[in-house]
Amino acid sequence: MARELVYTGFMSLDGVVDSPGGKVEGHRSGGWVMETEFVPEAFSLKGEELADTTALMFGRRSYEAFAPIWRDSEDHAAYKDLPKYVVSSSLTDDALIDGWGAITILRSTEDIEKLKQTEGGPIYIHGSAALAESLSDADLIDRYNLLVFPVLLGAGKSLFGRADRPKQQLRLRDSATYSNGVAKLVYDVVR
C-alpha cells in the first residue's frame, strides 16, 4: 500500500495560499491568518496532523523559511526527529540545516513516486505552493487538509494550477465551520 501524500495549509476563500503568517513572506496582505480572530478549535486540525505525520515534505523556498524556525520551536518539537524531504533541483546537501533530523533532497516527481511506495505513514506537505501545484498536476497528492479563511486576497500563490487538465474528483472526508468564519475542509482525491 502506498504512503499517503497530504497537502496541509491555510487558504483564502479565493484560493490564495500566499504569506498566511506574515508580510515577510512577500504578499502585500501577508499575515492574514494572524489577523483573523483566534478561536482555538479552528486550529484543532493542526494538532491532529502533528499526531498523524510520519514525514515532512517541502519545496526549497518553504524549507528555507520553515527549517530554521521549526527546528527550535516547541510547537513543532514532534517534527524534529521525523524524516524530512526537500524537493529541489538546485539545493545542495551542504545547504541543509543541522540539528533537525534526517533530511533528504528529492530531485524529481519520479523520486516522490518511489518514496510513496516505501513503508510508512502519511507524508505532510506544508507551505510549498509551487510544489503542491506540480504534485497535484502529476496526480501525486492523496489528500488536502485545508483551513479556509474568510478573506479575499485577489492575487498571490495558488495551490491549484490553471492549466487545462483532466477533472480530478475529490471526496469530502471531514468538514467544520468555526465562529471566526474559518472552514475546515478535508478532501481525499478519488482515483
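This report describes selected strands, helices, loops and side-chain contacts of a predicted model.

## Basis

The structure is a predicted model, in which local features need pLDDT of at least 70 and side-chain atom pairs count only at pLDDT 80 or more, while totals for chains, interfaces and linings use all residues. Residues are numbered from 1 along each chain as its sequence is written, and side-chain values use heavy atoms, with hydrogens and water left out.

Helices (H or I, at least four residues) and strands (E, at least two) are DSSP runs, numbered from the N terminus. Buried stands for under 20% relative accessible area, exposed for over 50%, and partly exposed for values in between (1.4 Å probe, protein chains only). A contact is a pair of heavy atoms within 4.5 Å.

Strand β1 (5-12) has 7 of its 8 residues buried, so the rest of the structure largely encloses β1. Two strands pair if DSSP finds at least two bridges between them. Strand β1 pairs with β5 in the parallel sense over 4 bridges, and valine 6 has tyrosine 124 of β5 as its bridge partner. With β6, strand β1 pairs in the parallel sense over 7 bridges; here serine 12 is partnered by phenylalanine 149.

Strands β2 (55-59) and β3 (84-87) run parallel and are joined by 4 bridges. Glycine 59 has valine 87 of β3 as its bridge partner. In a regular strand the side chains alternate between the two faces of the sheet. Strand β3 is covered on both faces, with Lys84 and Val86 buried on one side and Tyr85 and Val87 buried on the other.

## Helix α1

Helix α1 (residues 44-52) has Leu45, Lys46 and Glu49 as its buried residues. They lie on the same side of α1, because they cover an arc of only 100 degrees around the axis, where the arc is that of the directions from the helix axis to the C-beta atoms. The buried residues of α1 pack against β1, β5, β6 and β8 (183-189).

In α4, the buried residues include Ala129, Leu131, Ala132, Leu135 and Ser136. They cover an arc of only 160 degrees around the axis, so they are on the same side of α4. The packing partners of the buried residues of α4 are β1, β2, β3, α3 (109-116), β5 and β6. Serine 136 is buried at 4% relative accessible area. Its side chain makes a polar contact with the side chain of tyrosine 144, at 3.1 Å. A polar contact is a pair of N or O atoms within 3.5 Å; within protein, one must be able to donate a hydrogen and the other to accept it, and residues adjacent in sequence count only if both atoms are side-chain atoms. Leaving aside residues up to four places away in sequence, serine 136 touches Ile141, Tyr144, Phe160, Arg165 and Gln168.

Serine 128 lies in the loop between β5 (123-126) and α4 (129-137). Serine 128 has a positive phi, near 55 degrees, in a residue other than glycine, and is buried with a relative accessible area of 5%. Just after α4, aspartate 139 takes a positive phi of about 60 degrees. Aspartate 139 belongs to the loop between α4 and β6 (143-149) and counts as partly exposed at 34% relative accessibility.

## Lysine 157

Lysine 157 is placed in the loop between β6 and β7 (170-177) and is partly exposed, at 41% relative accessibility. Lysine 157 and serine 19 are 138 residues apart along the chain, with 8.6 Å between their C-alpha atoms. Not counting residues up to four places away in sequence, lysine 157 touches Gly15, Val16, Val17, Asp18 and Ala129.

## Aromatic rings and charges

The whole structure holds 13 aromatic pairs. Rings of Phe, Tyr and Trp (its six-membered ring) pair if their centres lie within 6.5 Å; planes under 30 degrees apart count as stacked, over 60 as edge-to-face and the rest as tilted. Phe58, Tyr63, Phe66, Trp70, Tyr79 and Trp100 are linked into a cluster by ring pairs.

A charge sits over a ring if NZ of Lys or CZ of Arg is within 6 Å of the ring centre and within 35 degrees of the ring normal. The charged end of lysine 84 sits over the ring of tryptophan 100, 4.7 Å from its centre. Lysine 46 lies over the face of phenylalanine 10, at 5.2 Å from the ring centre.
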